[in-house]
Amino acid sequence: MQLARQGNQKAYKYLLDLYWQDVYAFQVKRIQNRYLAEEITIQTFSRAFDKLDTYNPKYSFKTWLITISKNIHIDIIRKKEVEITSVDKATQSKIADETPTAEDKLINEQNLKSLLQHIKKLQPHYKEIIHLRFFKELSYKEIAKVIDEPVNNVKVKLLRAKKLLAEEIKNSTQER
């Protein structure tokens with residue numbers, strides 16, 4: 001937690017990986033819509049990373065995330081549409097950096113034809129963000145403009161997309 005508060009990218013990734021399923025499952029059960037649950041989960045992590053300095057460690061981090069997620073859902077119900085969370089500039093640079101992750105290395109080792117087959121298995125919004133980042137080589141800021149979302153959401157989505165793609169690659173190599 002302390003490393004994440006200091007802006008350590010691996011710590012952000014660790015927290016995202018550790019708690020993603022808990023927050024996502026909470027929302028799927030609550031709203032019965034996988035796409036909206038995923039959007040709310042992305043917003044939850046975006047907001048949590050933005051407000052990490054307000055987290056009180058005497059409480060469970062998972063409970064804090066679920067509370068944020070629940071509040072985002074309530075806001076959406078009130079507004080009747082998904083609003084994209086805006087994030088300050090300092091947080092945008094913290095969540096993801098350009099350092100290759102284990103997922104990046106695994107993805108880069110695949111030949112293009114094989115990689116494209118794996119990408120096709122991802123959900124459309126993850127396919128799009130992978131395409132924009134790795135094939136069109138757009139910056140986070142440029143991707144944010146294309147998909148009309150804040151940079152912070154782009155970074156969280158890209159972390160998630162790379163994780164799912166790496167899992168798909170691993171699963172297919174284990175099946176061989």
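This is a predicted model: local features need pLDDT of at least 70, side-chain atom pairs count only at pLDDT 80 or more; totals for chains, interfaces and linings use all residues.
Student: Why are H3 and H4 called oblique to each other?
Tutor: Helix H3 (residues 34-50) and helix H4 (residues 61-79) pack at an angle of about 120°, with axes 9 Å apart. Roughly perpendicular covers 65 to 115 degrees and roughly antiparallel starts over 145, with the rest counted as oblique. The pair is therefore oblique.

Student: What is the handedness of that crossing, and which residues make the contact?
Tutor: H3 and H4 cross in a right-handed way. On the H3 side the contact includes Ile40, Phe45 and Arg47, and on the H4 side it includes Trp64, Ile68 and Asp75. Sorted by class, the contact has 8 nonpolar, 4 polar and 2 charged residues.

Student: What makes H2 and H4 oblique?
Tutor: The axes of helix H2 (residues 9-31) and H4 cross at roughly 40° and come within 10 Å. Roughly parallel needs an angle under 35 degrees, and roughly perpendicular begins at 65. So H2 and H4 are oblique to each other. Their crossing is right-handed.

Student: Which residues meet there?
Tutor: Among them are Leu15, Tyr19 and Phe26 in H2, with Phe61, Leu65 and Ile66 in H4. The contact splits into 9 nonpolar, 3 polar and 4 charged residues.

Student: How do you know that H2 and H3 are oblique?
Tutor: Their axes cross at roughly 140° and come within 8 Å. Roughly antiparallel means over 145 degrees, and roughly perpendicular ends at 115. H2 and H3 are therefore oblique to each other. H2 passes H3 in a right-handed crossing.

Student: How many nonpolar residues does the contact of H2 with H3 have?
Tutor: By class, 15 are nonpolar, 3 polar and 2 charged. The H2 residues include Tyr12, Leu16 and Trp20, and those in H3 include Leu36, Ala37 and Phe49.

Student: On to the histidine. Is histidine 125 buried or exposed?
Tutor: The relative accessible area of histidine 125 is 13%. Buried means under 20%, so histidine 125 counts as buried. Histidine 125 lies in helix H8 (residues 124-135).

Student: What makes the pairing of histidine 125 and glutamate 38 a polar contact?
Tutor: Their side chains are joined at 3.4 Å. The cut-off is N or O atoms within 3.5 Å, where one must be able to donate a hydrogen and the other to accept it. The pair is listed as a polar contact.

Student: Which residues does histidine 125 touch?
Tutor: Leaving out residues up to four places away in sequence, histidine 125 touches Tyr35 and Glu38.

How values were computed:
Residues are numbered from 1 along each chain as its sequence is written. Side-chain values use heavy atoms; hydrogens and water are left out. Axes are lines fitted to C-alpha atoms, for helices over the stretch in contact, and angles run from 0 to 180 degrees between N-to-C directions. Helices (H or I, at least four residues) and strands (E, at least two) are DSSP runs, numbered from the N terminus. A crossing is left-handed if the near helix is turned anticlockwise from the far one by less than a right angle, and right-handed if clockwise. Contact means heavy atoms within 4.5 Å. Ala, Val, Leu, Ile, Met, Phe, Trp, Tyr, Cys and Pro count as nonpolar, Asp, Glu, Lys and Arg as charged, and the others, Gly among them, as polar. Buried means under 20% relative accessible area, exposed over 50%, partly exposed in between (1.4 Å probe, protein chains only).
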